[in-house]
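Visitor: I am new to this protein and would be grateful for a close look at a single part of it. Please show me the whole first, and then we may turn to one residue.

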Amino acid sequence: MFYKSLIFLAFFSITCIASSDIRNLDSFKASFTQVITSSSKNVIEYKGEVFIKKSGKILWKYETPVVKNVYINNDFAIVDEPELEQAIFTQLDSEINIIKLLNSSKKSSENNYITNIDDVDYLIKTSNDKIQEITYKDKLENSVDIKFSNVVQNSDISDEIFKFEVPDSYDIIKK
């Protein structure tokens, strides 16, 4: 379930750049709190930082409850799990097409936008032309709410942050 959520996050991360009022975004970075509520009302909360470039590079740095880094470059993902000393390399089903995603969101009200990717509706809430929150219900009926703070848009993000070098002690898993 976690990995399916990651794939949805990858698609949605790029969609963060999708609304017409913020269409000119080249980059996005922020702290986040992600709350996932299952259909049986079990709740898990993740916190960390996210870095996104229009080129399709994404890094989700999870800090709690476990340390985990998710690197995405268009149609390829690496899940770095330092506590388990492993890295999972995954070819995504499709490339994240930034142009298609940029054009997919529609303004639903003054500060709200909606888009649909793979039959999942995503609601993007903004304030002062900055993305503040993303909510959606995934295909497993989990409710996902991601709130952003310390949002910085259109700043320079070095490509170095998106590079993952596998430590010698790691196990590598290919999916």
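Visitor: Is Lys-41 buried or exposed?

Guide: The model is predicted, so local features are described only at pLDDT of at least 70 and side-chain atom pairs only at pLDDT 80 or more, while totals for chains, interfaces and linings use all residues. Residues are numbered from 1 along each chain as its sequence is written, and side-chain values use heavy atoms, with hydrogens and water left out.

Lys-41 is exposed, with a relative accessible area of 66%. Buried means under 20% relative accessible area, exposed means over 50%, and partly exposed lies in between, for a 1.4 Å probe and protein chains only. Lys-41 sits in the loop between strand S1 (27-37) and S2; strands (E, at least two residues) are DSSP runs, as are helices (H or I, at least four), numbered from the N terminus. The phi angle of Lys-41 is near 75 degrees, a positive value in a residue other than glycine.

Glu-141 also has a positive phi, near 70 degrees, and is likewise not a glycine. Glu-141 belongs to the loop between strand S10 (130-137) and S11, and is partly exposed at 44% relative accessible area.

Another backbone feature is the cis peptide bond between Thr-64 and Pro-65, with omega about 0 degrees. Pro-65 is in the loop between S3 and S4.

Turning to side chains, the structure contains seven salt bridges, each a side-chain nitrogen of Lys or Arg within 4 Å of a carboxyl oxygen of Asp or Glu. One of them joins Lys-53 and Asp-159 at 2.8 Å, N to O. Lys-53 belongs to strand S2 (residues 43-53) and Asp-159 to the loop between strand S11 (143-153) and strand S12 (171-174), so this pair ties together parts that are 106 residues apart in sequence. Lys-53 is buried at 18% relative accessibility, whereas Asp-159 is partly exposed at 33%.

Asp-159 has a salt bridge with Lys-57 as well, where the closest N and O atoms are 3.4 Å apart. Lys-57 lies in strand S3 (residues 57-64), 102 residues from Asp-159, and the pair links distant parts of the chain.

A further salt bridge joins Glu-81 and Lys-68 at 2.7 Å, N to O. Glu-81 is in strand S5 (residues 76-81) and Lys-68 in strand S4 (residues 68-73), so parts 13 residues apart in sequence are tied together. Glu-81 is buried at 7% relative accessible area, and Lys-68 is buried at 9%. Elsewhere, salt bridges that share partners join Lys-53, Lys-57 and Asp-159 into one network.
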